[in-house]
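Thanks for coming. I have one model to go through today, so let me put it on the screen.

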Amino acid sequence: MFEFCADPSTLDTAPWFACYLTNGVHLLFYQSFLTVLILLAVTAPLALAFGFIGASASRSHILPLAWVGKLYTAMVRGVPDIVFFLFFVIAIDQALEWINHQIRCPEWDEPIRQGANFLVCQAAKIPLSSAPQWVHETYNFLIAVFTFAIVFGAFAANVLFGAMRAVPRAQMETAEAYGMTRRQSFWRILVPQMWIYALPGLSNLWMILIKATPLLFLLGVEDIVYWARELGGSRTSQYSYPHPDWRMWYFLALLAVYLGFTRVSEIALARLTRRLSHGQATAGGEAQRKATV
Amino acid sequence: MSCWDTVQAYALRSLGIGERLLPRGEIGLCEQITLIGSGMIWNVYFGALALFFGFFFAVALAVGKSARARIIRKPAEWFIFVFRSSPLFIQFFLAYFALVRLPDEIVIGASSTDISWLTDPFARAWLGAVIVLFLNTSAYSGEIFYGALQSVPKGDLEAADAYGMSGFKRFRRVVYPTMLRLAWPAYTNEAIFLFHATTLVYFSGFPAFRQQGDALYYASYFADRTFNPFVPYPIVAGYFIVLTLLVILAFGGVNRHLGRHLPAERRARLRYRPNLIR
């Protein structure tokens with residue numbers, strides 16, 4: 001990075017650290033923070049969409065649809081979420097390969113599950129074993145995103161289902177009195193009003209989502225935890241930057257990053273709550289109204 | 001090997017009692033259920049111990065956080081903030097690497113006496129992980145108890161004053177029982193999620209000594225061995241649902257006891273709110 005970094009062994013402490021913290025692997029480490037941010041940016045709306053579908057499905061008048069929705073919302077109760085994370089990654093991968101196998105190799109007559117093996121034909125492998133490294137990495141990341149979205153969608157469905165029931169009954173009755181159909185009153189009355197009731201739960205969920213991002217490491221993505229472990233391990237003098245086991249300091253830095261991130265989110269969400277309470281028939285909205293009078 | 005033989009050989013495998021080697025060759029349903037069940041011993045152990053010790057510390061934290069003196073309030077606030085707003089996963093890693101490094105630091109600092117016999121247990125899951133879980137659950141339950149402490153009815157406090165109670169006596173006779181009663185439904189959920197969080201132990205930092213891991217450790221081992229996630233993970237799920245029901249049963253009993261003096265419609269119901277991951 002800097003000119004004077006050519007021979008690190010001759011440097012003082014301060015320039016040594018300046019060089020050490022900007023060498024190639026560290027830049028990859030900083031990039032992995034971006035991976036986490038992308039995960040959050042993609043997962044949050046996706047999970048919200050899954051949650052919305054799940055919550056509306058469990059309100060449905062069509063029984064099988066309501067059962068599916070209820071099952072989805074009940075899924076996360078009683079079982080540790082990490083079980084789902086580990087399960088879905090393999091399950092989705094195998095499901096995709098199985099479907100691909102049915103399409104590409106219809107003449108294949110051996111069973112796919114042979115004892116302890118899961119065998120599909122070469123052409124059905126996802127990604128193809130000849131694909132470049134970045135395809136594999138992107139595929140892993142996408143599966144991780146999808147898994148996060150399913151699990152957090154179930155959490156969000158719980159929150160949204162509660163919020164939909166919290167909208168005052170009188171509002172819906174008024175809508176019916178105006179002659180709105182079920183669909184109209186759902187989209188025009190229920191959905192716009194439910195957000196303020198959902199917000200505490202959703203903010204909580206956002207915090208939980210932030211705190212769940214280190215689980216990416218378990219799903220085989222090279223995230224910040226992976227790099228902190230890699231870079232912190234002790235380096236002998238064969239390396240250009242020898243140092244003892246520094247993993248403790250790397251994880252301390254990660255802890256600080258997470259604390260900062262959750263704190264900033266907390267402040268931002270508090271502001272959003274104030275915004276959304278405006279003009280609502282809730283305690284928060286009432287307090288705002290009194291303050292202005 | 002019949003199923004009963006498998007149970008005898010592997011039921012206590014996670015504690016190092018019984019068969020040393022993990023099952024070779026064909027892995028049946030029986031092996032999976034037995035070994036995963038054996039791993040559950042660890043989950044229950046971690047959860048129960050952390051919960052028990054965490055309860056007392058959490059009460060202390062809640063009282064500290066609602067103290068008027070800054071010198072008491074600030075440390076409690078910071079402790080709760082740090083442990084509640086960082087991932088448990090990172091806490092495990094940090095604690096593990098700190099505990100592994102601790103011996104080197106002390107040996108270099110003082111004379112070079114070997115203190116590994118003292119620090120070794122801390123780097124093992126049975127003690128190190130319990131400490132992390134204990135601190136973590138203390139922070140979460142401390143916040144719950146703090147919230148309950150804030151909502152102790154004013155009338156109760158005034159009544160205590162009228163009876164001439166003050167200081168510790170007032171806390172023990174009036175504030176504490178009410179706080180516990182108000183906090184109990186939320187605390188039940190905290191207990192459930194603490195048990196769920198124990199699954200993180202062997203996936204972060206603390207290595208499984210001689211492959212003696214918890215339920216999820218064995219489940220992921222089987223999933224990797226058989227390439228079939230559809231058997232081991234539902235088994236773990238089943239075990240955890242049973243554990244959750246047991247926790248709800250036990251805590252529900254306590255809840256009834258705490259609210260026994262109230263008229264039936266004012267008693268707080270336990271409501272299971274599935275909304276926490278760390």
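A word on burial before anything else: a residue counts as buried if 20 or more other C-beta atoms lie within 10 Å of its own. By that cut-off, 42% of the 278 residues of chain B are buried. Keep in mind that this is a predicted model.

Staying with chain B, there are 10 helices and zero strands. Among the contacts in chain B with a separation of 6 or more, 74% are between residues 24 or more positions apart.

Now the core. The largest nonpolar core has 132 residues. Those with the most contacts inside it come from chains A and B: A:Ala156 and A:Leu160, then B:Phe92, B:Phe145, B:Ala219 and B:Val236. Helix 5 of chain A, residues 133–166, gives the largest share of this core, with 18 residues.

Take B:Phe145 as one case. Which residues is B:Phe145 in contact with, leaving aside neighbours within four places in sequence? They are B:Ala58, B:Val59, B:Ala62, B:Met179 and B:Ala183.

Last, helix 3 of chain A, residues 63–75. At 1.5 Å a residue, its 13 residues should span 18 Å, and the end C-alpha atoms are 18 Å apart, so the two agree. Its buried residues are A:Gly69, A:Tyr72, A:Thr73 and A:Met75. Seen down the helix axis, these buried residues fall within an arc of 160 degrees, so they line one face of helix 3 of chain A. Helix 2 (24–58) and helix 5 of chain A are included in what covers them. On the face turned away from the buried side, helix 3 of chain A carries the exposed residues A:Leu63 and A:Pro64.

Methods: Residues numbered from 1 in each chain as written. Chains lettered and ligands numbered in written order. Predicted model: local features only at pLDDT ≥ 70, side-chain atom pairs only at ≥ 80, totals over all residues. Core = buried A, V, L, I, M, F, W, Y, C linked by C-beta atoms within 7 Å. Buried ≥ 20, exposed ≤ 12 C-beta atoms within 10 Å, placed from the backbone. Helix = DSSP H or I, 4+ residues; strand = E, 2+ residues; numbered from the N terminus. Contact = placed C-beta atoms within 7 Å. Expected span 1.5 Å × (residues − 1). Arc of directions from axis to C-beta.
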